[in-house]
Amino acid sequence: MAASHLLDDREDDGPNGSCQVMVMMEERTHPQATPCGNQVDDKPKSTKRLQGFRKALRKNQDYSRISKPSSSQLPSEWWKTGIAFIWAGFNLVLTTVMITVVNERVPDKSVSPPLPDKFFDYIPRVEWAFSVTEVNGMILVALWFVQWLFLKHRAIVGRRFFFLQGMLYLYRIVTMYITTLPVPSMHMDCAPKLYNDSHGKIKRVLQLVSGGGLSITGSHLLCGDFLYSGHTVMLTLTFLFIQEYSPRSCKWRCYHGFCGLLSATGVVCILVAHEHYSVDVVVAYFITSRLFYWYHTMANNQALRDSPHNYLNRTWWNWVFNFLEKNVKTPVPCTFSWPLSLPYVCFKNPCKSYSMVQSARDE
Amino acid sequence: MKEVRLWTCSDVSDWLTDEGMQEYMDALQNVDGPALLKLSEEDFKASPLSLVTGDSGRQLLERIETLRFTSHMKAHKNNNHEKSHHANGHAGIALANGSVSNGKIPNGIPKNGLHPEPIRILIPSLPEQERTPYPTEWFKTGVAFLYALFCFLTTTVVISVVHERVPPKEESPPLPDKFFDLFDRVEWAFSICEINGMLLVGLWFTQWLLLKHRSIVGRRFFFIVGTLYLYRCVTMYVTTLPVPGMHFKCSPKLFGDWEAQSRRVMKMMAGGGLSITGSHSLCGDYLYSGHTVMLTLTYLFIKEYSPRRFWWYHWICWCLSAIGIFCILLAHDHYTVDVVVAYYMTTRLFWWYHTMANQQALKEISTGNLFSRVWWFGPFQYFESNVRGIVPRNYQLPFLLRTMTSARVKYSKLDSRES
């Protein structure tokens, strides 16, 4: 091949140096949508070298190893994921406590009838709709969990999920507590009020936590947690995460569409079952999607984080964000790996991309 | 680098290597500079060149053409220094880096054997408007203003519609609210809120008049305010909250009486929805609070587009805003959740919009830019595509005042030059 011929010729030539093939890594400021399974593309460029460098290019040392930016720029840091998990768990428990408190303040159905709601005017109640919601929710959570297990950077992604979930439940605590909406429909039977019975209240909290707040498990008896809807939060959040951390090829788009459909039907069924007001669902969707986009845009754009004109860091949780994402320098690429670490087969054979240099070396 | 005419065979080889055309090196190893410049398509049809070329030498010929050109310019520059007879019309076009400005290179250089035809290079001159990084584009501001007006009108209509659906106080008593449990109602508090609101709007308007880039900033204000009121329409409409306090006197319902309803809408628009002007008699517009939106938004804009040194001014506005919001709750005129949600939406939308506007990378759709998924990304791009960079805080007297006052006194912060 002419190139290899050149390579040997040039080394003995005049002061102009030799041409060689060198693989260079480009600075990536914009994230690339790499489909799963492909490596990061490196383009070979031929550059002129200085005279001194020529001597370094002996026959057996003329390719350089480039480490992919996986280990140094995306460290696992499982302890941060643990902290995020504790944060989410804490907020979940606090939510259940708050629901128990708010249940005491819900006005009685006879005193405060359900508020007028546009959706309820048009669509009468369907009894089994809420089970559909909960089944959809459980399917989505399971799908997300399986997908998360197979992600390579599961520590980072898990951290993000727990943090966002915790935040959303925290906001929910605030909105639930400050103003108490009446029950949306006359069919709802609220658990009786336990005015000063703290023992009973604690038992209720435990029951709620163990059942996950789902009516299928029989732990959805308390009222007052209407603004905003926790079910919508889970449905939307799992869908957004599923969509974000999976490839974007055609086959996978069907999967996204399926999950989107699950999520949408789940949300609509909440309203059909008259379990939440429309405004609860609307506000929940809005807050979930905005928080998700906000967090991920901040995380994906390193330039944004360093910029002085970044207004995104005026939120109160910015310091937590910095703590969690300080060492994550690039967007998390969509790569999958087995949950249990197996040795990578391709590490044994790194020379596939360097065939041109390899052949030059052998000649 | 020497002139092409003086190149030796090895120089030619080096050049071929540089250009990435090593395949020609063997065939052209006896070719020196002038011969290289003489290469033409015919040479590529015969061997040995026809054997190594893949595209009949087209690429190489193009490169040689460029080489010819740059070498001509260099020759030109050298000749000009010597004041040779080339001074016939080459109006000093040859610049140090060999680039050409708007001009022609007429005939008359027989020596080098180069291309004798004149080459005209036109530099597209952009209109004045596009070359500044902050073009004024009042048309876009007008569009934003119409959008805001439309949203205000929609809000008023929706309030009027919702008013019909508010359950009467007797049927649906005020909902339990934590703030109301802690603080009793104070009657005159709502007037304070409205006065603060009017003060803030007045201050912001004056400040806006003094800004240099008022069209861009005005556009942003109208767009954000319009969007917030549009969101408000949605939340107000889907679920109707009962009145927060028994003191409310809601106007009677006009079932189906369209004429009376439209008159009510007009009255509300004319009064701006303030109870001071007597146009705040409709109920049902609780989630979320429009007063909070205006108080918060004007404060955010005031702070954003005024100098950092005016910290006392920022503090005053902050106090006005905070006291106003507190007084809404004190007057039991809105639920606490209305105020909290309004504050949240306003601040998030403001920061979101301004972060997007300040970063060029976020103005494009990409996988890393999740901000581009909002529904208003299209209008945002329309408004902010020509704004390159962060709008500086420059001040300038409005047009009328500028023509009236003389420019004898120099204001250091006012921009006196045209740009």
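1. Salt bridges over the whole structure. Over all chains, a search of this predicted model finds 16 salt bridges, where a salt bridge is a side-chain nitrogen of Lys or Arg within 4 Å of a carboxyl oxygen of Asp or Glu. One of them joins the side chains of A:Glu325 and A:Arg160, with 2.9 Å from N to O. Because A:Glu325 lies in helix H12 (residues 318-325) of chain A and A:Arg160 in helix H6 of chain A, the pair ties together parts that are 165 residues apart in sequence. Helices here (H or I, at least four residues) and strands (E, at least two) are DSSP runs, numbered from the N terminus.

2. Basis of the values. The model is predicted, and local features need pLDDT of at least 70, side-chain atom pairs count only at pLDDT 80 or more, and totals for chains, interfaces and linings use all residues. Residues are numbered from 1 along each chain as its sequence is written, chains are lettered from A and ligands numbered from 1 in the order in which they are written, and side-chain values use heavy atoms, with hydrogens and water left out.

3. The interface of chain A and chain B. In this interface 56 residues of chain A are in contact with 51 residues of chain B, contact meaning heavy atoms within 4.5 Å. The two chains bury about 4,800 Å² between them, with 65% of it on carbon and sulfur atoms; buried area is the accessible area (1.4 Å probe) that two parts lose on being put together, summed over both. The rule finds four salt bridges across the interface of chain A and chain B. The side chains of A:Arg314 and B:Glu304 also meet in a salt bridge, at 3.9 Å from N to O.

4. H3 and H6 of chain A. Helix H3 (residues 78-105) and helix H6 (residues 154-178) of chain A pack with their axes 8 Å apart and at an angle of about 20°, the axes being lines fitted to C-alpha atoms, for helices over the stretch in contact, and the angles running from 0 to 180 degrees between N-to-C directions. H3(A) and H6(A) are therefore roughly parallel to each other; angles under 35 degrees count as roughly parallel, over 145 as roughly antiparallel, 65 to 115 as roughly perpendicular and the rest as oblique. Their crossing is left-handed, a term used if the near helix is turned anticlockwise from the far one by less than a right angle, with right-handed used if clockwise. The contact of H3(A) with H6(A) has 21 nonpolar, six polar and five charged residues, where Ala, Val, Leu, Ile, Met, Phe, Trp, Tyr, Cys and Pro count as nonpolar, Asp, Glu, Lys and Arg as charged, and the others, Gly among them, as polar.

5. H3 and H7 of chain A. H3(A) also packs with helix H7 (residues 198-211) of chain A, at an angle of about 130° and with the axes 9 Å apart, which makes H3(A) oblique to H7(A). The crossing of H3(A) past H7(A) is right-handed. Residues of H3(A) in this contact include A:Thr96, A:Val97 and A:Glu104, which meet residues of H7(A) including A:Lys201, A:Arg204 and A:Leu208. By class, five nonpolar, three polar and three charged residues make up the contact of H3(A) with H7(A).

6. H8 and H10 of chain A. The axes of H8(A) and helix H10 (residues 278-300) of chain A come within 9 Å and cross at roughly 30°, and H8(A) and H10(A) are therefore roughly parallel to each other. H8(A) passes H10(A) in a right-handed crossing.

7. Backbone points to check by eye. A cis peptide bond, with omega about 0°, joins A:Leu227 and A:Tyr228, and A:Tyr228 lies in the loop between H7 and helix H8 (230-244) of chain A. In chain B the peptide bond from B:Leu287 to B:Tyr288 is cis, with omega near 0°.
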